[in-house]
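Please read the briefing below alongside the sequence and the coordinates. It is arranged by topic, with the conventions stated first.

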Amino acid sequence: MEILLIEETIATPKVIFNYAARQFEISGCSRPEDVRNFYKPIIDWLTNFRDSVSQTEINAFSESPMVFNFKFDYFNSSSAKFILDILVLINQIHSAGINTRIDWFYEENDEDMKEVGEELSEVVDFPFEYIEIKK
Amino acid sequence: MTQTKNFKVLEYKGQLHFSTIDDILDIYRDTIKKLNISKVTEKRTFAILVECLENSFRHNKQQIDTEKQGYVELRLDYVVDKFKITISNYIKKDEIKNLISKIDEINNIGVSGLSPLYRKLIAKAKISEKGGAGLGMVEIARNSGLPLEYNIKEIDNTHIFELIVYIKIDY
């Protein structure tokens with residue numbers, strides 16, 4: 001799988017999907033001007049991965065899961081829809097046999113961000129790990 | 001330290017481009033630091049500003065009169081123990097009924113009903129041609145926790161929509 005790297009801007013998060021380094025993370029603020037075009041490469045990467053899952057990938061994560069880190073400072077309502085689409089794809093990757101985990105980070109005392117993670121987890125029907133980032 | 005007087009925190013009147021939203025949010029972030037409010041209130045107010053501005057930005061593009069396209073008036077006031085956000089923009093007459101209906105539905109559901117409504121909407125959300133997911137007003141209401149208010153004004157056959165959002169301030 002090719003490395004997907006999108007640098008952070010004032011309105012868009014940093015994205016790094018690196019299969020070789022086992023690094024899958026989205027972090028920062030998400031309120032893109034063109035939300036569809038911003039999230040398309042991420043959706044495409046996950047879709048391609050889901051469609052190419054074989055015993056090789058399943059074995060690669062059998063001992064240690066494929067961990068997706070979500071570290072948002074903020075995301076707007078348009079981004080929420082695409083974040084949900086990403087979570088659905090991760091759930092599908094899990095259903096394809098990959099040992100998968102979603103880590104949902106939130107700043108200390110930011111119960112709103114934790115709560116929205118819980119809501120998304122419920123909609124997707126996939127459990128998250130919730131990790132508080134202490135200041 | 002709590003404030004005792006009402007005052008204007010920020011104001012913008014003019015054309016709204018995406019870069020203008022960045023500028024307004026920068027002003028907000030710089031100004032809000034001086035008020036010693038809680039991080040929770042700061043983030044909720046930020047979230048409401050983003051949704052209000054992006055709603056205006058997306059829907060304002062529809063105006064036929066180019067002078068009205070993209071024109072917005074925004075004000076953030078400190079009022080006793082709350083922030084008050086007032087945002088107004090031109091709106092097409094045929095969009096008014098649906099918008100009012102959405103706000104009335106949200107107000108009628110009340111705070112406890114917003115999370116189930118959010119979950120229901122996000123599960124079936126599609127990004128519209130305008131770029132929104134239809135969740136914006138629910139997000140505004142969730143972050144506010146108080147009833148949304150609105151006014152519709154008609155001036156020379158054009159219509160102006162004004163949304164007023166209150167946020168309780170925690171220190």
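The points that follow go from conventions to the sheet and helices of chain A, then to chain B and the cysteines.

This is a predicted model, in which local features need pLDDT of at least 70 and side-chain atom pairs count only at pLDDT 80 or more, while totals for chains, interfaces and linings use all residues. Residues are numbered from 1 along each chain as its sequence is written, chains are lettered from A and ligands numbered from 1 in the order in which they are written, and side-chain values use heavy atoms, with hydrogens and water left out.

**The sheet of chain A**

- Six strands of chain A form an open sheet with mixed pairing, in the order β1-β2-β3-β4-β5-β6, where strands (E, at least two residues) and helices (H or I, at least four) are DSSP runs numbered from the N terminus, and two strands pair if DSSP finds at least two bridges between them.
- The edge strands of this sheet are β1 (4-6) and β6 (128-133) of chain A, each of which pairs on one side only.
- From one strand to the next, the twist averages 15°.
- Strand β2 (residues 14-18) and strand β3 (residues 23-30) of chain A pair in the antiparallel sense over five bridges, and A:Asn18 stands opposite A:Gln23 in β3(A).
- A:Asn69 has its place in strand β4 (residues 66-75) of chain A and is buried, with a relative accessible area of 17%; buried means under 20% relative accessible area, exposed over 50% and partly exposed in between, with a 1.4 Å probe and protein chains only.
- Not counting residues up to four places away in sequence, A:Asn69 touches A:Phe24, A:Glu25, A:Ile26, A:Asp103 and A:Phe105, a contact being heavy atoms within 4.5 Å.

**Helices of chain A**

- Helix α3 (residues 77-95) of chain A lies across β3, β4, β5 (100-107) and β6 of chain A and runs at about 170° to β4(A); axes are lines fitted to C-alpha atoms, for helices over the stretch in contact, and angles run from 0 to 180 degrees between N-to-C directions.
- Helix α4 (residues 111-124) of chain A packs on the sheet by touching β4, β5 and β6 of chain A, and its direction makes about 155° with that of β5(A).
- Helix α1 (residues 35-51) of chain A packs with α3(A) at an angle of about 5°, their axes being 10 Å apart.
- That angle makes α1(A) roughly parallel to α3(A), a description used for angles under 35 degrees.
- Residues making this contact include A:Tyr39, A:Ile43 and A:Leu46 of α1(A), together with A:Phe82, A:Ile86 and A:Leu89 of α3(A).

**Chain B**

- The secondary structure of chain B comes to five helices and five strands, and from the N terminus on its elements run β-α-α-β-β-α-α-α-β-β.
- Of the 171 residues of chain B, 50% count as buried.
- In helix α4 (residues 111-123) of chain B, the buried residues include B:Leu114, B:Leu117 and B:Tyr118.
- The cover over the buried residues of α4(B) includes α3 and α4 of chain A, as well as α3 (93-109) and α5 (136-144) of chain B.

**Cysteines**

- The structure holds zero disulfides over all chains, a disulfide being a pair of cysteine sulfur atoms within 2.5 Å.
- The sulfur of A:Cys29 is too far for a bond, because the closest cysteine sulfur, in B:Cys52, is 16 Å away.
- A:Cys29 counts as buried at 11% relative accessibility, and B:Cys52 counts as buried at 2%.

Conventions:
Angles under 35 degrees count as roughly parallel, over 145 as roughly antiparallel, 65 to 115 as roughly perpendicular and the rest as oblique.
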